[in-house]
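Subject: Handing over a structure

Dear colleague,

I am passing on the structure below, and my notes on what was found in it follow directly after.

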Amino acid sequence: MKKVLVLFLLTATPLTAQIIDCRFVVNADLVNQTNQQVFETLEQSLNEFINAKAWTDETVDNKEKVRCSMVLNLTGFNGLRFEGTLQVQVERPVYQTNYNSPIFNFLDKDIVFSYQEYQPLFYNPATYESNLISLISFYVFVALGLEADSFALRSGTPYFKEAQQILTLAQQNGITGWNQRDGNRNRFWLIDTMLSNTFREYRTVQYHYHRDGMDQMSENPQAAKEAIVQSLGRFNALYSRRPNALLIQTFFDAKADEIVDLFSDGPKVEFDQTLTTLNKVAPFFGPKWKRIKY
């Protein structure tokens, strides 16, 4: 009887090596091009490239896949050359709920690549294949790292280092967005600060906010909200060292709406100090913080 039960459980939760569940969208509304076929082919090829590949050695069931979306908003197209922006969003499931909590929301404004319709897309960690492959692979590993960090403290490091290796190889081609001289909000600074001990609170908050907070919400919402309050307080130390840190803004780009919803409903917790912290470290979201009804 036990063997039958085990067999049933295994067949009821099939495992897969495809760890990513990502929706890639190509928006060509701003491009003056009557033939949309190449954009449709690009979208299909990138969805297959991301979702069909086993990016890690792990096997997971469908519910445990890393959820993300990437929206390529094209602003220029000339022959084989594509230009635009890329919006990357990542979510992770919350324990014992149907809710997915946003953990990353980033706009990359330096998107330039060449693509020929139907060209094969392959990722090789040891070589630079193309800027398109480097771009997409870079953000896949960033997504994997962030999701891992939210379940186990700093466990995303191997994925971030893989993204850093992609960056190192891509830098040699001199394309915008991979080098520190290209601005203060690009791929270089994103992965450099992720791995820097100077910005360690960002990854610590990602873990405690989700494991001690969000994942406990269904069983003990009072304690969960108190844990989230405590986790957000950790940003004070980071702010004192780097008041304009890219990662602080990146965190609240993903979390602002969720924080407003969390603390405007349900059991009440002491929030005055947290509100002061939010207004200090993330003043650009001041209008949203005013909506919190605590």
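Predicted model: local features only at pLDDT ≥ 70, side-chain atom pairs only at ≥ 80, totals over all residues.

Residues are numbered from 1 along each chain as its sequence is written, and side-chain values use heavy atoms, with hydrogens and water left out.

The sheet

The sheet is open and is formed by 4 strands in the order E1-E2-E3-E4, with mixed pairing. Its edge strands, each pairing on one side only, are E1 (20-27) and E4 (100-114), and neighbouring strands are turned against each other by 15° on average, direction ignored. Helices (H or I, at least four residues) and strands (E, at least two) are DSSP runs numbered from the N terminus, and two strands pair if DSSP finds at least two bridges between them.

Strand E2 (residues 66-78) pairs with strand E3 (residues 81-93) in the antiparallel sense over 11 bridges, whereas E3 and E4 pair, again in the antiparallel sense, over 12 bridges. E3 and E4 form a hairpin with 6 residues between them, and in its turn Gln96 has a positive phi of about 60°.

Helices across the sheet

Helix H2 (residues 37-52) lies across E1, E2, E3 and E4 and runs at about 165° to E1, while helix H6 (residues 200-213) lies across E3 and E4 and runs at about 140° to E4. Contact here means heavy atoms within 4.5 Å; axes are lines fitted to C-alpha atoms, for helices over the stretch in contact, and angles run from 0 to 180 degrees between N-to-C directions.

The cavities

A search of the whole structure finds 3 cavities of 30 Å³ or more, a cavity being a set of points, on a 1 Å grid over the protein atoms alone, where a 1.4 Å probe fits but cannot get out. The largest cavity holds about 80 Å³ of space, a volume being the space filled by probe spheres set on the points, which are joined across faces, edges and corners. Its lining residues, which have an atom within 4 Å of a point, include Tyr123, Glu129, Ile133 and Leu169. H3 (131-149) and H4 (157-171) each supply at least two residues of that lining, and the largest share, 3 residues, comes from H3.

Kind regards

Methods. 1 Å grid on protein atoms, 1.4 Å probe; cavity = no way out; pocket = protein on both sides within 12 Å on 5 of 7 lines; lining within 4 Å.
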